[in-house]
Amino acid sequence: MAGKRDGLKRFDLTADGFWNSFGAIPVALPPMALAWIEYEQVERTVPAADVGTVALYGAHAFADLTAWLFPLLVLALAAHPLGFSRRIVPLIVTLNWGSALIAWCLAPVWILLLIAGRGEGGSVLGLVLMLGSVVLTVRLVAAATDLDHTVSTGIVALTVFCSFLAYVAVADLTGIPLV
């Protein structure tokens, strides 16, 4: 995320490394679960439909899993037509591990918000952290693909849009508002 390509040497960019990078999802699960708890305890303004706790957190888990995988699928399908099929493995490997790192970096914020409760400061902090994570992801994509920051910004914008679509689709499918 520092924008240096040397870090890519530490990633396994083989086919096995590609599939192993999806191990970042269970690595990121604890801070993601903390985010679900924080959302339900602090941020939710309208009570969820009369569903059980398992269904509620199951919808969050399904939405996060879908929001993680769907953009990667879209990128993989678009790689060849857009001319970066040789860059898709480093891109997906670094996005997977970078997403896990960002999830863990945000864990203290979720804990702070759970303790402090809802407030304007929490909203501002959330916005700043969201923008910061997008900037770091753009730098990560630029380093992984050796593309300029304009193209990398487009790739990250596509992944954010696809993630948002996934959340909306899961919320529509389950009937539980998640966004």
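Predicted model: local features only at pLDDT ≥ 70, side-chain atom pairs only at ≥ 80, totals over all residues.
Guide: Residues are numbered from 1 along each chain as its sequence is written, and side-chain values use heavy atoms, with hydrogens and water left out.

Visitor: How many helices and strands does the protein chain have?

Guide: Helices (H or I, at least four residues) and strands (E, at least two) are DSSP runs, numbered from the N terminus. Here there are six helices and zero strands. The pattern along the sequence is α-α-α-α-α-α.

Visitor: What does the radius of gyration say about the protein chain?

Guide: The radius is taken over C-alpha atoms, and the globule rule is 2.2 Å times the number of residues to the power 0.38. For 179 residues, a compact globule would have a radius near 16 Å; the protein chain has 17 Å, which agrees. The C-alpha trace spans about 45 × 35 × 25 Å along its principal axes.

Visitor: What share of the contacts with a separation of 6 or more joins residues 24 or more positions apart?

Guide: Contact means heavy atoms within 4.5 Å. The share is 73%. T137, in helix 5, gives a local case. Leaving aside neighbours within four places in sequence, T137 is in contact with L95, I102 and V156.

Visitor: Is T137 buried or exposed?

Guide: Buried means under 20% relative accessible area, exposed over 50%, and partly exposed in between (1.4 Å probe, protein chains only). T137 is buried, because its relative accessible area is 15%. Buried residues make up 39% of the 179 residues in the chain.

Visitor: Which other residues show how to read burial and C-alpha distance together?

Guide: Take T145, also placed in helix 5. T145 counts as buried, at 1% relative accessibility. T145 and L91 are 54 residues apart in sequence and 6.1 Å apart in space, C-alpha to C-alpha. A35, in helix 2, is buried at 17%. A35 and H60 are 25 residues apart in sequence, with 9.4 Å between their C-alpha atoms. L173 lies in helix 6 and counts as exposed, at 65%. L173 and A59 are 114 residues apart in sequence and 9.3 Å apart, C-alpha to C-alpha.

Visitor: What is the phi of D146?

Guide: Most residues other than glycine have a negative phi. Phi of D146 is near 60°, a positive value in a residue other than glycine. D146 is found in the loop between helix 5 and helix 6.

Visitor: What is the volume of the largest pocket?

Guide: On a 1 Å grid over the protein atoms alone, a pocket is an open set of points with protein on both sides within 12 Å along at least five of seven lines; lining residues have an atom within 4 Å of a point. Grid points are joined across faces, edges and corners, and a volume is the space filled by probe spheres set on the points. The largest pocket has about 1700 Å³.

Visitor: Which residues lie nearest the centre of the largest pocket?

Guide: D64, L106, W110, M130 and Y167, out of 46 lining residues. The elements giving two or more residues to the lining are helix 2 (24-43), helix 3 (53-82), helix 4 (88-116), helix 5 (120-145) and helix 6 (149-174). Helix 5 gives the most, with eleven residues.

Methods. 1 Å grid on protein atoms, 1.4 Å probe; cavity = no way out; pocket = protein on both sides within 12 Å on 5 of 7 lines; lining within 4 Å.
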